[in-house]
Amino acid sequence: MGVRKSLILSTIEFNSKSDAKSFFKEMLQRYEVGEKVSNADAVHLEALLQLHTEHKDKVGSGVDYFQVMKSQYGTPCFCIVRADGSSDDFSYGHCITPKK
């Protein structure tokens, strides 16, 4: 049986990575494609994004806001809209459990 690993962000703490995935999955499901993420949820997404292996590239000129978009696979995902107007999607799952 595996050991549960906690996940600590600057804004929230989870007892396990599974709890973190559930939290962000539920957050994603609260929004329609094209909808802007609330400021209350955005603070957690910014903290989560710090864990992304391509954080600097994803943030680019800085995060203006987050929204929900369709991924290349047709499923909803979070999207960063940067200060310069460009955008990029990211996977909350990749942030929680980065692929090597």
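Contact is taken here to mean heavy atoms within 4.5 Å, and helices (H or I, at least four residues) and strands (E, at least two) are DSSP runs numbered from the N terminus. The model is predicted, with local features requiring pLDDT of at least 70 and side-chain atom pairs counted only at pLDDT 80 or more, whereas totals for chains, interfaces and linings use all residues. Residues are numbered from 1 along each chain as its sequence is written, and side-chain values use heavy atoms, with hydrogens and water left out.

The chain contains four helices and five strands, which follow one another along the sequence in the pattern β-β-α-α-α-β-β-β-α. Of its 100 residues, 37% are buried, that is, under 20% relative accessible area with a 1.4 Å probe, protein chains only. Among contacts between residues at least 6 apart in sequence, 44% join residues at least 24 apart.

The buried residues of α2, namely D41, A42, H44, L45, A47, L48 and L49, pack against α1, α3 (55-59), β3, β4, β5 (87-90) and α4. When residues up to four places away in sequence are not counted, F66 touches K36, V37, A42, L45, E46, L49, C79, I80 and F90.

Conventions. Buried < 20%, exposed > 50% of the residue type's maximum accessible area, 1.4 Å probe, protein only.
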